[in-house]
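Have a look at the model first, then we'll go through them.

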Amino acid sequence: FFSLNGHVFILLIACGRVARRHVGHNILMGEGRSILGPLLRWDNRVSASLYHWYQRTIGWRGPVMLLEYSGHGVPWLMVSSGFFLFTNKFAPSVYETLANLFLGLLTDLAWVVIFKSGIRRSRPVYNKGKQLGSVHVVDQFSFPSGHTTRSVFIAAFAYHCHASNGVIPSNIVLGFTIWAILLGLSRIVLGRHFVGDVVAGWMVGLLNMYCVACVWISKDMAMEAKAFWDLHNPS
């Protein structure tokens, strides 16, 4: 399933390029000529007000930067794939969870690439500093917030696993939910994103979870993939 996901990701990038050519500039870009111009201007004002309020009244950059690092995609991909491929101590339900988490993290990246390359909304002018590990060709754009899509997906994924097989306890689900909300808000007060980017990120994250649930990798399929890897990569 790892090679299949790679091909799907490449296909989705191509779809994003088509969306950028035919949709992005005509509908959502440019406040003055866009059909969403009034909404975008309101979004810009509210986002700037929240950013400047935070800078004046609280101004703590360290905690929001820590939230930014915690939502970066690379560590999540490395941890989920690493535990799946290089451990043999867990129950089959754990490997089922890891396989689907990895799948969801890949599709999360694909959704973000499609929307950002298609819509191409610029980041706030007051955004300061480069994000850790950012890819300029995609991360120069703002809509939607990739950190938010990822964190909401992870929180929804944790809830789904808790409800379906109990592999993730309820207190962990609550922790992920609080983390996802705070991470989304931090993207606004840090100046990385507009409010609309974060709201869209919450919706895309939930959509991604729905899609993953529809193509859920079963326990047997996950263990077959694990056995195949172990057979061709003996320790």
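Q: What makes W229 buried, partly exposed or exposed?
A: This is a predicted model, so the values are computed from it. W229 has a relative accessible area of 25%. Buried needs under 20% and exposed needs over 50%, so W229 lands in between and counts as partly exposed.

Q: And F86, what is F86 called?
A: F86 is exposed, because its relative accessible area is 61% and the cut-off is over 50%.

Q: Why is the pair of F86 and W229 called edge-to-face?
A: The structure holds 11 aromatic pairs, and F86 with W229 is one of them. Their ring centres are 5.8 Å apart, inside the 6.5 Å limit, so they pair. The planes sit at 80 degrees, and over 60 counts as edge-to-face, so that's the label.

Q: Why is the pair of F90 and Y95 called tilted?
A: The centres are 5.9 Å apart, with 55 degrees between the planes. Stacked needs under 30 and edge-to-face needs over 60, so 55 degrees is tilted. F90 and Y95 also sit in one aromatic cluster with F83 and F84.

Q: How do you know what α4 should span?
A: At 1.5 Å a residue, the 14 residues of α4 should span 20 Å. The end C-alpha atoms are 20 Å apart, so the two values agree.

Q: Which residues of α4 are buried?
A: They are G73, W76, L77, S80, S81, G82, F84 and L85.

Q: What makes α4 parallel or antiparallel to α5?
A: The axes of α4 and helix α5 (residues 92–119) come within 9 Å and cross at roughly 150 degrees. Over 145 counts as roughly antiparallel, so α4 is roughly antiparallel to α5. The crossing is left-handed.

Q: Which residues meet where α4 and α5 come together?
A: On the α4 side they are W76, L77, S80, S81, F83 and F84; on the α5 side, Y95, L98, A99, L101, F102, L105, L106 and L109.

Q: What about M209, buried or exposed?
A: M209 is in helix α9 (residues 195–214). Its relative accessible area is 7%, under the 20% cut-off, so M209 is buried. Beyond neighbours within four places, M209 is in contact with F153, A156, F157, H160 and W216. M209 and A155 are 54 residues apart in sequence and 9.4 Å apart in space, C-alpha to C-alpha.

Q: How many helices and strands does the protein have?
A: There are 10 helices and 0 strands. Of the 235 residues, 44% count as buried.

How values were computed. Residues numbered from 1 in each chain as written. Predicted model: local features only at pLDDT ≥ 70, side-chain atom pairs only at ≥ 80, totals over all residues. Heavy atoms only, no water. Phe/Tyr/Trp six-rings, centres within 6.5 Å; stacked < 30°, edge-to-face > 60°. Buried < 20%, exposed > 50% of the residue type's maximum accessible area, 1.4 Å probe, protein only. Helix = DSSP H or I, 4+ residues; strand = E, 2+ residues; numbered from the N terminus. Expected span 1.5 Å × (residues − 1). Axes fitted to C-alpha atoms, helices over the stretch in contact; angles between N-to-C directions. Parallel < 35°, antiparallel > 145°, perpendicular 65-115°, else oblique. Left-handed = near helix turned anticlockwise from the far one by under 90°. Contact = heavy atoms within 4.5 Å.
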